[in-house]
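Here is a short tour of one protein model, with a helix pair and a disulfide as the stops. Have a look at the structure, then read on.

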Amino acid sequence: MAPAGLQAAPVTVPAGNRNAEQPAIPGASVRRTKAGKTTFDVKYEKVRDLLASDKRLMSKIRSTASAYGIDPIHMIGAIVGEHTYNVDAYDNLQSYYVKAASYAGNSFRFAYKGEDVDDFVARPEFAECEGKDDSYALWTCREDVWNATFKGRSVGGKSYPDNRFSAVFFQPFYAGQTFGLGQINPLTALMMSDLVAQKSGYAKLDETDAAGVYKAIMDPDISLAFMAAVIRKSIDDYKSIAGMDISTNPGVTATLFNVGNSRQRAQALARKNAGGSTVWPEENYYGWLVNDRLEELEKLL
């Protein structure tokens with residue numbers, strides 16, 4: 001036990017997978033891949049080959065990772081996971097820039113049934129979030145209020161879906177949509193806005209400028225910064241909340257990149273370990289692949 005007033009040093013999560021076999025892949029991912037007349041192996045090889053052949057992209061990944069104090073293998077793992085299970089990789093980085101440009105100037109907003117999100121979060125239910133001067137703390141607080149007060153409930157005569165805050169208010173095209181090289185969703189981008197502004201110098205995002213948020217998550221250069229910020233925050237959350245160092249296990253960070261909510265998940269893990277036992281964080285199907293192919297992926301760097 002650490003001396004009074006001192007926090008115990010975080011324990012390092014062991015390398016590799018906790019599961020001997022890959023956990024089940026969600027049906028939606030399976031169906032999407034079949035619909036594209038492809039396979040997970042083909043998609044994995046495509047994104048691996050893109051990374052291997054694009055020296056400019058790899059240079060950007062290494063420099064971005066350095067700015068956020070993380071090993072670039074964590075970013076490689078997240079890109080590989082997203083493009084193996086969620087989307088197909090484009091053949092080259094320029095295609096991502098072209099796709100991002102196609103959204104420039106489009107008019108859309110973050111709203112639900114005509115109510116803009118900035119009006120929604122001005123409701124008295126969100127009063128506890130006022131004064132949060134960090135974008136991560138602010139939007140995490142607002143997400144917590146959504147989950148506790150609005151999700152699946154009727155408030156003030158208006159019913160709200162039993163769905164994630166990000167899906168209801170922040171995806172004006174269709175629920176579950178993420179974009180770009182980093183596959184960042186808009187709410188996550190808003191949460192990471194201050195950290196990205198601090199580390200990378202990009203302008204802070206504003207929920208009233210939906211087009212600006214989409215530009216940030218679709219532009220490959222900016223998207224990489226947000227990806228690194230998400231990974232940095234998950235490592236910090238697990239260290240400060242759960243007392244575990246996940247910085248040497250890319251499968252765990254890839255899992256958290258996939259499922260999100262690192263703060264809440266770190267809190268849940270801390271509760272499991274409160275009695276003195278040691279329950280390690282486990283990789284999901286997505287993170288399992290990263291650890292399973294780690295030797296091959298590290299060669300890319």
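How are α2 and α3 oriented to each other: roughly parallel or roughly perpendicular?

## The model

This is a predicted model, in which local features need pLDDT of at least 70 and side-chain atom pairs count only at pLDDT 80 or more, while totals for chains, interfaces and linings use all residues. Residues are numbered from 1 along each chain as its sequence is written, and side-chain values use heavy atoms, leaving out hydrogens and water.

## Helices α2 and α3

The axes of helix α2 (residues 40-53) and helix α3 (residues 55-67) cross at roughly 85 degrees and come within 5 Å. α2 and α3 are therefore roughly perpendicular to each other (65 to 115 degrees counts as such). Helices here are DSSP runs of H or I with at least four residues, numbered from the N terminus; axes are lines fitted to C-alpha atoms over the stretch in contact, with angles from 0 to 180 degrees between N-to-C directions.

On the α2 side, Leu51, Ala52 and Ser53 meet Lys55, Leu57, Met58 and Ile61 of α3 (contact means heavy atoms within 4.5 Å). By class, this contact of α2 with α3 has five nonpolar residues, one polar and one charged.

## The disulfide

Searching the whole structure turns up one disulfide, a pair of cysteine sulfur atoms within 2.5 Å. Cys129 is joined to Cys141, S to S 2.1 Å, and the link is left-handed, with -85 degrees about the S-S bond. The pair links distant parts of the chain, twelve residues apart: Cys129 lies in the loop between α6 (117-120) and α7 (135-150), and Cys141 in helix α7.

Cys129 is buried at a relative accessible area of 2%, and Cys141 is buried at 9% (buried means under 20% relative accessible area, with a 1.4 Å probe and protein chains only).

Key. Helix = DSSP H or I, 4+ residues; strand = E, 2+ residues; numbered from the N terminus. Buried < 20%, exposed > 50% of the residue type's maximum accessible area, 1.4 Å probe, protein only. Parallel < 35°, antiparallel > 145°, perpendicular 65-115°, else oblique. Nonpolar A, V, L, I, M, F, W, Y, C, P; charged D, E, K, R; others polar.
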